[in-house]
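Here is a short note for a colleague opening this model for the first time. Please keep the structure in view while reading the points.

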Amino acid sequence: MEQNIYDNPEFFSGYYELRSRSDNYNDLLEQPAMANLLPDLRRKSVLDLGCGFGRNCLDFINRGAIHVVGIDISEKMLNVARSESSNEKIEYINMSMTDISQLNEKFDFVYSSLAFHYVENFAKLISNIYSVLNDGGFLQFSQEHPIVTATNNNVGGMINYDENGNPVSYTFSNYNQSGQRVINWFVDGVEKYHRTMGEILTAVADAGFIIKNVCETCPTKEVIEKYPFMEREYIKPNFLIVKAQK
């Protein structure tokens, strides 16, 4: 089972505040890119792994899904989901995504936003997802990009600036050394797992999926115009998105 850091009160408070800001990377980079790749969800059943505040679950219903199951290991996250993103067609379950083989139903679409880098046994997770998908169904997930998760120093990689304060490059290390990373993010001791791009895509293919899209997020022109600091994201991608079909 993955670490349940989101029920840590200090961590949860910091994360909730971050997601409430208009300049958070989820809303500026990851969520628009994920939305662009969504399949047609009309009359479909959906499983959202690591559903968090449930905002995507509600969006899936608005896109025509007939049944959505959102699971999350954090009861604090689910409390917000049940309060802010409730719908009679949505079921929220307190469960680790590593336990989805216990679910007694199959789905047309499995979705996960920025949660897979918390799972140690990625190949097993992908295999379990394949088992709960209907034939022809899609898996779509985002995670921190392997360039971001690589550096094993409790801080991560580093953007380098010129003498005028302009971002010019990004320094990272340990890319080919897969495994656990322990970082400080709101609190000490946050656990996540680094895998290379090759390991990630190979695990998806080995499970039997056909990879349809691979996206390495980049800010749009509109985002740059509104938030000029986001131009530094041209230097390296923050998020990896994979869409695959059974």
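1. Start with F141. This residue is buried, at 0% relative accessibility; buried means under 20% relative accessible area, exposed over 50% and partly exposed in between, with a 1.4 Å probe and protein chains only. F116 is buried too, also at 0%.

2. Before going on, some ground rules. This is a predicted model, in which local features need pLDDT of at least 70 and side-chain atom pairs count only at pLDDT 80 or more, while totals for chains, interfaces and linings use all residues. Residues are numbered from 1 along each chain as its sequence is written, and side-chain values use heavy atoms, with hydrogens and water left out.

3. F116 and F141 also meet ring to ring. Their centres are 4.8 Å apart and their planes lie at 35 degrees, so the pair is tilted. (Rings of Phe, Tyr and Trp, the last by its six-membered ring, pair if their centres lie within 6.5 Å; planes under 30 degrees apart are stacked, over 60 edge-to-face, the rest tilted.) F116 sits in the loop between β4 and α5 (122-132) and F141 in strand β5 (residues 133-144), so the pair ties together parts 25 residues apart in sequence. Helices (H or I, at least four residues) and strands (E, at least two) are DSSP runs, numbered from the N terminus.

4. How many aromatic pairs does the structure hold? There are 10 aromatic pairs. One of them joins F60 and Y111 edge-to-face, at 4.9 Å centre to centre and 75 degrees between the planes. F60 belongs to helix α3 (residues 55-62) and Y111 to strand β4 (residues 107-113), 51 residues apart. F60 is buried at 0%, and Y111 is buried at 1%. Ring pairs link F60, F109 and Y111 into a cluster.

5. Now look at strand β1 (residues 45-49). Five of its five residues are buried, so β1 is largely enclosed by the rest of the structure. In a regular strand, side chains alternate between the two faces of the sheet. Here S45, L47 and L49 point one way, V46 and D48 the other.

6. Which strands pair with β1? Pairing needs at least two DSSP bridges. Five bridges join β1 to strand β2 (residues 67-72), running parallel, and L49 stands opposite I71. The chain crosses from β1 through α3 to β2, a right-handed β-α-β crossover: with the strands pointing away from the viewer, the path from the first strand over the helix to the second runs clockwise. Four bridges join β1 to β4, also parallel. There D48 stands opposite Y111.
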